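Keep the structure in view while reading.

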Amino acid sequence: MSLGYAEKLSYREDVGSVGMSEIFDPPNLLESKIEELAMMIRKSKHLVVFTGAGISTSCGIPDFRGPKGIWTLQREGKVIPDTSLPFDRAIPSLTHMALVELERAGILKFVISQNIDNLHLRSGIPREKLAELHGNSFRELCPSCGAEYGKPFTSFSYVRDFEVETIGMKETSRRCSDVKCGLKLKDTVLDWEDALPPKEMDPAEKHCKMADVILCLGTSLQITPACNLPLKCTRFGGKFVIVNLQPTPKDKKAALVIHGKVDKVIAGVMNFLSLSIPPYVRVDLIQLSLSYTPKRTGKTYVKWTLRISSIHGLRAPLPFLKSVMVCFPERPDLKTAILHKQPFKLMRETLRSRPFKMLIIMNFGDGCGCSSIKIECPVNFQISHETFNNGKEVVVQNLKDTAFNESCCGQFAAVERTIATQSKATTVYGIVTSLVRHNELLIAEVPQSNGNMWMKRSHMDKIRHGPSPKRVKEES
């Protein structure tokens, strides 16, 4: 979880057991348990996964109760170290992406998470198949009309790129975009005394009762009432499995308890099931707006403003963007500008009759897979801009396929252009900012033995992806 989240929580003296020693099953026993779990998953008709903070520790997000967990260090009076990666740049783990493949294969029916880190949505788990019991620090809700801000677009996993500043279902600085509403939005992250929202709890309970197997990953199962959800399947003949490095209060009631790192266990399960793990490719969206004064008789110069901002509005930050350089390669008379403050804005006055090219260099921050990109924008104030819409889903998928095939980040493409007025045009771009091939990690995580079952697969390099389409052509 985010260190900021722990600091924002109300003070609570009793947070349960913390700092317990970690337990590691011996290699032979671990292999046997992984095989048993894989067989349970293979035979399951309604698999539900229940996740806790331990699923995200390999993403660089510290847990709460582990030997180096936030609450453990606080209780011991030790300094909590800074995280090496910004919360908004955390990348879904091997396990997160494996769950996506299980869902696509029709094996995984529902995910219940106690985490607020947004990584299940970012990985590609459909919103309708996910219950986030404790909220999501990247999502806001309108208390009036119920509109949800921060969930993925219809069929691909682009989600918000910035963390909401509050917790405890408080008002934020943004408003509902519905013109008939306009009420201030609220965050969705619970504080200690907040009740679990029925919108999340009801489907979670429903699927737990339907489940024949519930797989608990990286959770101490101490926080009520969430920790009692996995037990509901046992009333109807189901079984639940716990994968955690520390003992939990529910161990004795579990059909199987595996003491091992979650990524290692899940890598073994995927290997046994002959399922590959899809790559994680992150595409961020950004908008460039160019506005200028209308043409007037006798006015040979035009005042114009370039804005580079979030698609979520001027009040939403772009945390992955560190600075922007705007230069004019064919116009030495125009001075290069370096913008450091968000929202990035450049104001200039030039001859209306003289077209020019702007080269916009975007410099990315920590956690991005590339350092910068360059977008060339031709500017001509004497011709009208044309609108277009290449389709978010098409552009994003094309960018993901291209990044995968080229094994690098930094690809970009225009998504759409809108004209607010005759003198203001806004173009949205999609940019590939992260790429992780989890199949390359899979070989390192899979337990190896002398038997044939756990040897490296010859098709380990197969990753689920579509055909490689041509890159979306840039619009002038």
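Two strands are said to pair if DSSP finds at least two bridges between them. The strands themselves are DSSP runs of E, at least two residues long, numbered from the N terminus. The model is predicted, and the description below applies to that model.

With that criterion, four strands form an open sheet in the order β14-β13-β16-β17, and their pairing is antiparallel. At the edges lie β14, residues 337-339, and β17, residues 372-379, each of which pairs on one side only. On average, neighbouring strands of this sheet are turned by 20 degrees against each other, direction ignored. In general, the strands of a sheet pair through backbone hydrogen bonds, in either a parallel or an antiparallel sense.

Inside the order, β13 covers residues 321-327 and β16 covers residues 356-364; six bridges join these two strands in the antiparallel sense.

In the loop between β14 and β15 (344-351) sits P343, and the peptide bond joining Q342 to P343 is cis, with omega about -10 degrees. A cis peptide bond also joins T224 and P225, where omega is about 0 degrees. P225 belongs to the loop between β8 (213-217) and β9 (239-243).

Phi angles give two further points to inspect. M169, although not a glycine, has a positive phi of about 55 degrees. This residue is in the loop between β5 (148-149) and β6 (171-175).

S274, another residue other than glycine, has a positive phi near 55 degrees. Its place is the loop between α7 (262-272) and β11 (280-292). With a relative accessible area of 46%, S274 is partly exposed.

Of the 476 residues in the chain, 54% are buried. Among contacts with a separation of 6 or more, 69% are between residues 24 or more positions apart. The accessible surface of the chain is about 22000 Å², and carbon and sulfur atoms account for 51% of that surface.

Notes: Residues are numbered from 1 along each chain as its sequence is written. This is a predicted model: local features need pLDDT of at least 70, side-chain atom pairs count only at pLDDT 80 or more; totals for chains, interfaces and linings use all residues. Side-chain values use heavy atoms; hydrogens and water are left out. Axes are lines fitted to C-alpha atoms, for helices over the stretch in contact, and angles run from 0 to 180 degrees between N-to-C directions. Buried means under 20% relative accessible area, exposed over 50%, partly exposed in between (1.4 Å probe, protein chains only). Contact means heavy atoms within 4.5 Å. Accessible areas come from the Shrake-Rupley method with a 1.4 Å probe; for residues, only the protein chains shown count as cover.
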